Amino acid sequence: MAGLAAPAMAAHSDTAPADYGSAGDDTIIVPVNDSAAGGTYYQPFERAYAGETEDGTPVYVYVPLGTFDGDSVVGVHSLDPAFDHDGTDEFVPCADNSADDYVLTQDQVEYIGDALAGQILAVNEEHFGDLGAAASGSDALVTLVYNVQDDSYYDCTVSSYTAGYFAPEYLSAESLGMNVMVLDAFDWANRVGEDPSAEPWTDGDPANDRPELYEGVVAHELEHMLMNYADAGELSWVDEGLADMAAFLNGYDMTGSHLTYQQVFHRETSLTRWGGGLENYGASFSYFLYLWEQAGGNGGDSLEPDLVYDDTAGDLLINLIFAEQADGMEGVQNAIDAYNATTEDDLRSAEELFKDWAVAMKLDDEDSSRWDLENFDLGPASGGWTIDLANDLFWDDRGSYRGAQPDAKWDRLKNRPGTTALPFGVSYETFRNPGPQVSLEFDGEATTTIAAEGADELHWWAGYESQADNILGLETAITGGETVTFSNWHFIEEGWDYGFVEALVGGEWVTLEVRDAATGEVVSTDDDPHGNNTEGNGITGTSGGEYFVDEPVYLDYEVTVPEGATDLQFRYSTDAAYLDTGWFIDEILVDGTPAVVTEGGDWVLIKGEQINQWVVQVVSTCDLTPGADSTFEITDDAGNFVYRFEGDEHGDISTGALDTRCANGNTADFFVVISNLATGELTVLDADYDFDVVNLGARARR
């Protein structure tokens, strides 16, 4: 009886190998982390592509061992969607995922490898910066392709998936010591090639095609690798926006999910506080694309990517933002200052460009040189969705008002959006037939504060920085056996980022078990789902409550210093990408005596105050202040009128009388854009406001 041929079982191991191998070897062993279920296992991969760039950089693509042994991936570890690296936990792979969707061909891998070696690496390095050498000393570029274990791997109801990622830990000598990017193996038949239906791997259905999706992912993840070499602590919103720009500058179509989600979830999205959703990618990308276009794109009136770094106009600006060592909005502003100094241009500030971008993302007027994205016609480019359609259909007529809005009606409207603003977020509200004259009255929180416990109103904050180990040390002598109590507030990315209390024993720092000083309950954890708590005793999540459910509160924690210790420190450890507000510490006591803290280190002593800079913009296609030439009025070359009102030191804004008769009729309207451009010690907190519409009737303008 003839046996049936089956693909080789590329068995994984739960134990790290003595040697992972080197870039270019026929096979390497890869430590794979499960981002959903947690845990790391060790998977053999085989080389499926070897090439090099024009300047000689080696480029390799690896797939799980056994990928090409048959026509099916059933049984191939790290590729078969039924593969479960830990059958003892509660995570079970989604049974709806078909192995047929994860079949890879040699032709596909060659195609991706050639695109990377022949174009993408060169375009990225020219526009951003050079690829460095990993811990092994090799500058080879390795791409791993496998079935990434994310939420959708286990939960059939999750519709999005991780198309790729860059993991900086692969660079280290403790891991692979290689420059590594990861691509997911899902549906390459429809997602590789300029026209997948014309390729030999087509599934025969053009309706399924998402051309050059993985080529764009390669360009995106490669930017992260380059950023890791240039400025590893850069905030995610900048890094992710520039990564999407990398795909755009390579000429890949950036329409689709990122812009779709930004349009639909615009009000739930902060530009500067990274949430990790597709809407965050859409906001960051569109903001940097807007800056690129406003700075002149490639130069010479060209606003389409040409695959060449032109060292001028938008190309120069994006390069300066990438290279700038200051992070976040401060870094963007520094880059604009450098750009203006280099080009003698007068490009608007980062905050002014944000205000204009907020208008452009809804107005999207192709005739406007100021309030338009030239490269995208929002709606068709965002899956058919616009902000107006999202508010009307997805959010059930949210923020859309018809007729006069007296207080009694205004206060009862069920379709009014909430009055909490995300930092550098946007809320749009539209008015039709509001009456002949109205005034908009706005009252926002002037400041938002995470309050300290002590009487001096100051506390130590570990900062807001990716890939950091920020230390707070003590000047107070430690000899061993002491009880150290500290009051603390923490909102730390659970399972990924950690706070540690460490003692120096025998010349080595060791972590200490942390307890609630009031109850004696252990509040630190030895759980290590993603390899970021290898030391154990990590503090993570929300102080005094459930992560992302309860608000953090100040609590007293304590540790017992081991005998023989000679020093004590607090360490806040963050990984790449997402950050929460972080870790605050106040009133450190050593055996009941106030400790002296080492100043000038990584932590900063602050009040914990965010200054809220409120902006209310009124946008119309007709003049709402006829006969007046106001400093707050901005017009463009397409007949749009924007009235930009800034909050005072109390967070108050009054527009005065607006002549809104031109917003009467079945099609005429005006809309309001509300934003908080947070500044100060903290810039990541939500802030509340109150917003009223006062109908002035036919009274004269004030």
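**Aromatic contacts, disulfides and a pocket in a predicted model**

Ring pairs join W237, Y287, F288, F354, W357 and F424 into a cluster. Rings of Phe, Tyr and Trp (its six-membered ring) pair if their centres lie within 6.5 Å; planes under 30 degrees apart count as stacked, over 60 as edge-to-face and the rest as tilted. The model is predicted: local features need pLDDT of at least 70, side-chain atom pairs count only at pLDDT 80 or more, and totals for chains, interfaces and linings use all residues. Residues are numbered from 1 along each chain as its sequence is written, and side-chain values use heavy atoms, with hydrogens and water left out.

Across the whole structure, the search finds 46 aromatic pairs. One of them is formed by F265 and F394. The geometry is edge-to-face, at 5.4 Å centre to centre and 75° between the planes. F265 lies in the loop between helix 6 (257–264) and helix 7 (278–294), and F394 lies in helix 11 (residues 387–394), so the pair ties together parts that are 129 residues apart in sequence. Helices (H or I, at least four residues) and strands (E, at least two) are DSSP runs, numbered from the N terminus. F265 is partly exposed, at 21% relative accessibility. F394 is also partly exposed, at 43%. Here buried means under 20% relative accessible area, exposed over 50%, and partly exposed in between (1.4 Å probe, protein chains only).

Charged groups also meet rings. The charged end of K362 sits over the ring of F671, 3.8 Å from its centre. The charged end of R398 sits over the ring of W395, 4.3 Å from its centre. The criterion places NZ of Lys or CZ of Arg within 6 Å of the ring centre and within 35 degrees of the ring normal.

Two disulfides are found in a search of the whole structure; each is a pair of cysteine sulfur atoms within 2.5 Å. C94 is joined to C156, with an S to S distance of 2.0 Å. The torsion about this S-S bond is about 115°, so the disulfide is right-handed. C94 lies in the loop between strand 3 (58–64) and helix 1 (106–127), and C156 in the loop between helix 2 (151–154) and strand 5 (164–166), so the link ties together parts that are 62 residues apart in sequence. C94 is buried, at 5% relative accessible area, whereas C156 is partly exposed, at 39%.

The sulfur atoms of C622 and C662 are 1.8 Å apart and form a disulfide. This link is right-handed, with 65° about the S-S bond. C622 lies in the loop between strand 25 (614–620) and strand 26 (633–635), and C662 in the loop between strand 29 (658–659) and strand 30 (670–676), so parts that are 40 residues apart in sequence are tied together. C622 is buried, at 17% relative accessibility; C662 is partly exposed, at 29%. With the bonded cysteines of the protein chain numbered in sequence order, the pairing is 1-2, 3-4.

The second largest pocket holds about 770 Å³ of space. Its lining has 33 residues, and the closest to its centre are R273, F491, T581, V684 and D686. A pocket is an open set of points on a 1 Å grid over the protein atoms alone, where a 1.4 Å probe fits, with protein on both sides within 12 Å along at least five of seven lines; lining residues have an atom within 4 Å of a point. Grid points are joined across faces, edges and corners, and the volume is the space filled by probe spheres set on the points. Helix 7, strand 11 (447–449), strand 14 (483–492) and strand 32 (687–695) each supply at least two lining residues.
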